[in-house]
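Colleague: Please show me the structure, and let us then go through it by question and answer.

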Amino acid sequence: MEIEVTPLDPTVNCLRLQGRLDAVAVDRIEVKVNASAVAPGHDLLVDLSAVDFVASLGIRLLITAARSLKAKGARMVLFGAQPLVGEVLEHVAIDQIVPVVADETAARALLAAA
Amino acid sequence: MSDDPRDTEFAPNERTTIMMTMARPRPPMSDEREHYLLQVAGTEPGRRIRFGRQPLRLGRRPPAEALLADGEVSSLHCEVVARGSAGDALVTDLGSTNGTFVNGRRVQGSMRLTQGMKLQLGRQVFVHEYRTPAEVAHADELAHDLDKASRYVQSLLPPRLAQGPILTDWCFQPSTQLGGDAFGHFMLDEHRFACYLIDVSGHGAGAAMHSVSVMNVLRQRVLPGTDFGDPAQVLRRLNTMFPMDEHDGLVFSIWYGVFDRRDRLLRYASGGHHPAYLEAPGTHELAALRTRNLVIGAMDEAGFTAAEARVPEGARLFLFSDGVFELHDRTGRAWALADLLPWLSQVPPTDEAPARWLQRAVLEQARPGPLEDDFSLLAVTFL
């Protein structure tokens with residue numbers, strides 16, 4: 001699992017995850033995600049397009065990041081999930097805590113509209 | 001006391017032996033790393049085989065030094081040996097019939113083996129470790145604690161119901177790391193039967209402790225002011241009782257259902273959980289039972305909804321954790337939920353142990369090796 005955080009503009013970061021978001025990967029990236037992607041005053045778009053599997057620990061990682069951002073007054077949006085990952089997100093109804101949209105354009109539009 | 005024979009002195013008298021033992025400090029544990037093969041699947045999980053610069057042969061019978069009781073293992077199967085640079089080892093296939101595999105790749109001649117790589121012979125799977133004796137002792141202690149936690153979870157699982165109008169069968173196969181699954185069933189009263197399955201998102205003793213806490217609340221029915229016949233209310237109360245902020249960041253998914261024999265309705269609610277499946281007798285058709293709710297503990301103000309399904313006589317409910325379908329098959333392909341479903345409809349209707357039948361069928365499809373997650377499956381037949 002590789003991660004990459006890119007500033008899209010002064011108030012929005014994009015976290016790109018790549019590979020399998022399983023227990024081993026979560027152990028490896030959890031601290032890094034919280035340190036680099038959960039920043040006060042910065043909304044976060046999470047690009048899931050290169051993620052081919054997400055385990056329950058991965059779901060917990062996303063929920064924790066969304067909650068931390070909310071506590072810091074920022075927002076998070078997930079986008080680009082492949083069908084199998086999308087199925088898992090649907091099963092856990094994660095959109096009740098963090099919006100899930102199709103692509104980056106929709107994610108940016110959602111932040112702009114709010 | 002020391003058990004080193006050099007600490008014992010013998011008097012030079014044939015009739016009398018004077019044994020004198022001397023206390024001396026135990027030599028400090030070496031901090032030099034050594035090579036081990038830790039068995040993670042097969043006949044003796046947990047077994048650790050040490051090897052060094054002297055080649056060690058693995059096989060089914062002597063002269064192999066490490067013996068493996070497995071019909072798929074050849075008499076002399078392969079050998080392992082430490083190499084010059086630290087942590088490096090070499091595995092050589094000794095012309096075995098069924099092959100030696102490193103990380104799923106068949107060894108042609110010899111192959112390098114480094115820390116964490118998997119070595120497989122027949123159904124026996126090992127992980128290569130390069131550790132100090134102190135680290136090994138620590139790992140053994142942790143494994144022992146996990147084993148105890150696993151036994152505790154298993155001791156709380158309900159007896160299977162083999163007679164009466166409702167029959168149950170289940171299997172619980174914990175992963176080596178213990179995945180935080182738990183399930184159970186109980187009669188609410190003479191008419192109503194309740195069953196549930198929870199899966200804590202995490203591994204190890206912490207996740208197991210959390211699942212046991214939730215399980216005990218359900219077993220004892222100690223959620224204040226809760227009607228256990230109302231699945232949505234049960235989930236709502238659990239969500240209030242187990243917020244992640246107060247439970248080390250842990251959340252869990254749950255499927256909870258109550259069957260009433262009087263109206264033959266199954267009322268159910270799920271939180272962050274994939275569906276359970278109800279199969280009508282003789283049809284092979286599966287109805288997905290799920291309500292769209294968040295995992296438990298993630299958000300204080302989350303709402304929870306329930307639904308109901310009519311249960312024909314002879315219908316069977318399958319309730320399982322994601323460890324049952326999030327596995328890799330023998331070709332290395334990752335399964336998803338859709339890959340499991342055809343197997344549910346293939347369970348023979350008259351089989352008295354449908355959960356264990358499914359467990360065998362599914363694990364035969366799976367790549368040999370340790371389970372990545374707990375494998376928990378509950379089957380309920382409503383007569």
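The questions below take each chain in turn.

Modeller: This is a predicted model, in which local features need pLDDT of at least 70 and side-chain atom pairs count only at pLDDT 80 or more, while totals for chains, interfaces and linings use all residues. Residues are numbered from 1 along each chain as its sequence is written, chains are lettered from A and ligands numbered from 1 in the order in which they are written, and side-chain values use heavy atoms, with hydrogens and water left out.

Colleague: What pattern does chain A follow along the sequence?
Modeller: Helices (H or I, at least four residues) and strands (E, at least two) are DSSP runs, numbered from the N terminus. Chain A has four helices and five strands. Read along the sequence, they give the pattern β-β-α-β-α-β-α-β-α.

Colleague: Which radius of gyration does chain A have, against that of a compact globule?
Modeller: The radius is taken over C-alpha atoms, and the globule rule is 2.2 Å times the number of residues to the power 0.38. For 114 residues the rule gives a value near 13 Å, and chain A agrees with it, because its own radius of gyration is 13 Å.

Colleague: What share of the residues in chain B count as buried?
Modeller: Buried means under 20% relative accessible area, exposed over 50%, and partly exposed in between, with a 1.4 Å probe and protein chains only. In chain A, buried residues make up 48% of the 114 residues. For the 383 residues of chain B, the share is 51%.

Colleague: Is Pro275(B) buried or exposed, and which residue of chain A is it in contact with?
Modeller: Pro275(B) lies in the loop between β18 (265-271) and β19 (276-279) of chain B. Its relative accessible area is 7%, so Pro275(B) is buried. Contact means heavy atoms within 4.5 Å. Leaving aside neighbours within four places in sequence, the contacts of Pro275(B) include Ala288(B), Phe320(B) and, from chain A, His91(A).

Colleague: How far apart in space are Pro275(B) and Ala288(B)?
Modeller: These two residues are 13 residues apart in sequence. From C-alpha to C-alpha, Pro275(B) and Ala288(B) are apart in space by 5.4 Å.

Colleague: Which residue of β4(B) is the bridge partner of Leu38(B)?
Modeller: Strand β3 (residues 34-41) of chain B has seven of its eight residues buried. Two strands pair if DSSP finds at least two bridges between them. Seven bridges join β3(B) to the antiparallel strand β13 (residues 124-131), where Leu38(B) has Val127(B) as its partner. Four bridges join β3(B) to β4 (residues 48-51), also antiparallel, and there the partner of Leu38(B) is Arg48(B).

Colleague: Which residue in the turn between β3(B) and β4(B) has a positive phi?
Modeller: The two strands form a hairpin with six residues between them. In the turn, a positive phi of about 120° belongs to Gly42(B).

Colleague: Which residue of β11(B) stands opposite Ala89(B)?
Modeller: Five strands of chain B form an open sheet of mixed pairing in the order β6-β5-β7-β8-β11. Its edge strands, each pairing on one side only, are β6 (66-67) and β11 (110-113). Strand β8 (residues 89-93) and β11(B) pair in the antiparallel sense over four bridges. Opposite Ala89(B) stands Leu113(B).
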